[in-house]
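Good morning, and thank you for making time on the agenda. I would like to take you through one structure, helix by helix, and I ask that you keep the display open as I speak.

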Amino acid sequence: MTIENLHDYPQWTTFRNYLIGRNLMRSAFYIFNIFFVWETIVQYDSVFLAGMIPALSALGYLLVVIPEGHILDRHNRGMVFRISSILTALSYMFLYFHSILAVVYSVALISSILSIVNSDSFNTIMKETVPEKTMQSAISLSQGTNAISELAGIVFGGVLLYFPQQFMLITLISLPILSSILGFGRTLNRANSSDRYGFKGAYRIIGVMIPFLLLSLIINGLFISLDVFGSGLIHIILHDPPLDYSIFIAGFPVGAILGSTVSGKLSSHLSSVRIISILIIPVGVFLLCIALSRSLYLDILMTVLLGIFVIFINIGLQTIFMNAIPDAVMGRVNSLTMIFSIGGSPVMAATFSLLSDYFYFPYIMAVASILAIFVSLPAYSILKGLPERVSGIVRKMDEENLNQNI
């Protein structure tokens with residue numbers, strides 16, 4: 001299929017199928033993390049060993065980010081989606097040997113690579129198939145169902161802790177297989193298409209985004225402390241059962257679902273860099289409250305508020321950049337952006353896990369949240385004019401390409 005007739009295909013069917021398939025993969029990812037983080041901290045009573053699972057999950061993406069972006073821009077994105085789903089199912093089969101911690105760590109690393117590739121292929125398929133005028137609606141639906149799949153994974157991960165482990169294994173293997181079956185909507189075969197931007201174009205776009213990307217790197221690196229220490233807060237500090245841990249972790253996607261349901265009414269505001277900048281600041285405050293609180297109910301309330309604010313921020317930012325960045329280079333720009341977005345997470349997750357052997361870990365989390373508050377203060381000055389600068393560099397590259405072809 002060519003660029004010209006791609007949009008003749010019924011867009012909603014394509015978008016819906018890949019959306020459902022992507023969310024099945026996300027659910028499996030969260031089931032794995034909830035189940036094995038809790039199993040590890042209970043079995044070894046070690047925040048460090050449990051924290052290494054989210055650390056390895058974050059590290060996985062960085063190992064594949066550059067080739068992944070090129071593959072998504074130069075090959076059929078639907079095929080990448082299906083292959084990543086099948087390989088994820090195969091990786092989960094190794095969990096039959098889950099009693100060996102090294103196997104759990106290896107699967108955490110491999111499955112995170114494949115899960116992120118699957119998610120990124122969906123994002124580029126959305127850019128490929130959804131018209132610009134309906135992009136914010138598609139992004140709101142995507143972000144909302146992100147939260148639903150995350151919540152489903154957290155709930156089922158917690159529930160499966162009460163059942164024989166064979167049920168967990170069957171679930172983890174089945175969901176990616178279903179995802180691959182759903183991922184058969186028609187997408188563009190890019191193997192022989194022209195590459196008018198190349199990696200040089202992607203780097204030029206990234207160049208104007210560097211200040212924002214550095215801000216994102218630092219804040220995301222600090223916020224990984226919630227993933228690292230969440231199980232310790234519930235099991236070691238509050239002495240609560242796994243069900244309470246699942247409810248606590250579920251607070252974030254519940255907030256995201258609530259936020260996504262009202263995002264349509266706020267659409268004119270969510271794409272404002274001023275509003276986005278204001279929303280970033282309280283996020284660190286919520287994390288600080290979780291670190292200092294000794295009440296499960298307050299912790300749950302804070303995670304719900306985190307979900308609401310983060311979904312608003314994500315919808316606004318993703319809409320801005322989806323509309324500004326050309327489809328032909330979306331895979332590479334998206335992958336390079338994600339280096340900054342989660343690049344600090346594996347390093348900080350490993351650092352937080354290591355520090356927990358020497359310091360009281362709620363204090364480490366509190367310090368991280370205070371740093372996040374201070375780092376987020378200059379957000380507006382960083383974001384101001386950024387969408388226009390991105391659009392400007394794209395127009396400049398288009399003009400240069402046009403002049404070269406004359």
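**Helix packing and burial**

The crossing of H5 and H6 is left-handed, meaning that the near helix is turned anticlockwise from the far one by less than a right angle, whereas clockwise would be right-handed.

Before going on, some conventions. This is a predicted model, in which local features need pLDDT of at least 70 and side-chain atom pairs count only at pLDDT 80 or more, while totals for chains, interfaces and linings use all residues. Residues are numbered from 1 along each chain as its sequence is written, and side-chain values use heavy atoms, with hydrogens and water left out.

Helices (H or I, at least four residues) and strands (E, at least two) are DSSP runs, numbered from the N terminus. On that basis the protein chain has 17 helices and 0 strands. Of its 406 residues, 59% are buried, where buried means under 20% relative accessible area, exposed over 50% and partly exposed in between, with a 1.4 Å probe and protein chains only. Among contacts (heavy atoms within 4.5 Å) with a separation of 6 or more, 89% join residues 24 or more positions apart.

I return to the pair with which I began. H5 has 16 residues and reaches 23 Å from its first C-alpha to its last, close to the expected 22 Å; the expected span is 1.5 Å times one less than the number of residues. Its buried residues include Arg77, Phe81, Arg82 and Tyr92. H6 has 29 residues and reaches 42 Å, close to the 42 Å expected. Of those 29 residues, 24 are buried, so H6 is largely enclosed by the rest of the structure.

What does H6 meet in H13? Asn123, Met126 and Lys127 of H6 are in contact with Gln318, Met322 and Asn323 of H13. By class, this contact has 2 nonpolar, 3 polar and 1 charged residues; Ala, Val, Leu, Ile, Met, Phe, Trp, Tyr, Cys and Pro count as nonpolar, Asp, Glu, Lys and Arg as charged, and the others, Gly among them, as polar. The axes of H6 (residues 101–129) and H13 (residues 296–324) come within 11 Å and cross at roughly 60°, and the two helices are therefore oblique to each other. H6 passes H13 in a right-handed crossing.

Next, helix H12, residues 273–292. Its 20 residues should span 28 Å at 1.5 Å a residue, and its end C-alpha atoms are 31 Å apart, which agrees. Val273, Phe286 and Ala291 are among its buried residues.

Finally, two individual residues. Thr40 lies in helix H2 (residues 11–44) and is buried, with a relative accessible area of 3%. Beyond four places in sequence, Thr40 touches Asp45, Leu49, Ala50, Ile53 and Leu101. Leu355, in helix H14 (residues 330–355), is partly exposed at 31%. The C-alpha atoms of Leu355 and Val47 are separated by 9.9 Å, although these residues are 308 apart along the chain.

Notes: Axes fitted to C-alpha atoms, helices over the stretch in contact; angles between N-to-C directions. Parallel < 35°, antiparallel > 145°, perpendicular 65-115°, else oblique.
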